[in-house]
Amino acid sequence: MEGFVVERRSLAGPESYLDRTLANILASYDDEEEAAGQTRRSRVLLVDDSRTMRSAVLAALDGAGFEAVAVGDVTEALDALARRRHDVLLADYHLPGTNGLELLAAMRNADPRTPLILYSGSMTEELAIEAGDFGVAAVLETPISIDRLVEAVRAAAAAPESGTPPAP
């Protein structure tokens, strides 16, 4: 992972604010549903600063049977994560104040089980390789078909490391 962009940024790493915040949030989860053996829809957290993109992706995920929440920035993502565990984290690369890869890196450090999906309208081969080396479940270039997006989220949610039953 030497030379990985996330490691060079102040937000990433075990001592960063974002990593510490996510670790504290995830440590506070109460997984009563899972302990009680209840089944539930897979939860997806979408982080994108474009209201139009959030609306379109949220509608697609809801229509595919996912329990999806859409937020516009990292602060809102932390708030959503504080309220409940999500089975898949889906983020745009371009976010205000940071980038989606930094958010995904912090989430990976805090909870390695959560599959991560990164997308961008300005995806480069270098960024795709960097994200892939980091362990991102899928790297998508926008515009993307709704079917491809839902397929990627469904595959990530069904991954054994996600700790969630494959639903929907």
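**Helix packing and burial in a predicted chain**

Helices α6 and α7 are roughly parallel to each other (angles under 35 degrees count as such). This is a predicted model, where local features need pLDDT of at least 70 and side-chain atom pairs count only at pLDDT 80 or more, while totals for chains, interfaces and linings use all residues. Residues are numbered from 1 along each chain as its sequence is written, and side-chain values use heavy atoms, with hydrogens and water left out.

**The α6/α7 pair**
- The axes of α6 (residues 100-110) and α7 (residues 125-134) run 11 Å apart, at an angle of about 10°; each axis is a line fitted to C-alpha atoms over the stretch in contact, and angles run from 0 to 180 degrees between N-to-C directions.
- On the α6 side, Leu101, Leu104, Ala105 and Arg108 make the contact (heavy atoms within 4.5 Å), and they meet Leu127, Glu130, Ala131 and Phe134 of α7.
- By type, that's six nonpolar residues, two charged and no polar.
- Among the buried residues of α6 are Glu102 and Arg108.

**Helix α5, two faces**
- Val74, Ala77, Leu78, Ala80 and Leu81 are the buried residues of α5 (residues 74-83).
- They sit on the same side of α5 because they cover an arc of only 165° around the axis, taken from the directions from the helix axis to the C-beta atoms.
- Thr75 and Arg83 are exposed (over 50% relative accessible area) on the face turned away from that buried side.
- The N-terminal end of α5 is capped by aspartate 73, with a side-chain oxygen 3.1 Å from the backbone nitrogen of threonine 75.

**Alanine 60 and its partners**
- Alanine 60 belongs to helix α4 (residues 51-63) and counts as buried, at 14% relative accessibility.
- Ile146 and Val150 are in contact with alanine 60, once its neighbours within four places in sequence are left aside.
- Leucine 149 is 89 residues away along the chain, yet its C-alpha atom is 8.5 Å from that of alanine 60.

**A cis bond**
- Most peptide bonds are trans.
- Threonine 142 and proline 143, though, are joined by a cis peptide bond, with omega about 0°.
- Proline 143 is in the loop between β7 (138-141) and α8 (146-158).

**Whole chain**
- Eight helices and seven strands make up the count for the chain; these are DSSP runs numbered from the N terminus, helices being H or I with at least four residues and strands E with at least two.
- Of the 168 residues, 50% count as buried.

Technical notes: Buried means under 20% relative accessible area, exposed over 50%, partly exposed in between (1.4 Å probe, protein chains only). A polar contact is a pair of N or O atoms within 3.5 Å; within protein, one must be able to donate a hydrogen and the other to accept it, and residues adjacent in sequence count only if both atoms are side-chain atoms. Angles under 35 degrees count as roughly parallel, over 145 as roughly antiparallel, 65 to 115 as roughly perpendicular and the rest as oblique. Ala, Val, Leu, Ile, Met, Phe, Trp, Tyr, Cys and Pro count as nonpolar, Asp, Glu, Lys and Arg as charged, and the others, Gly among them, as polar.
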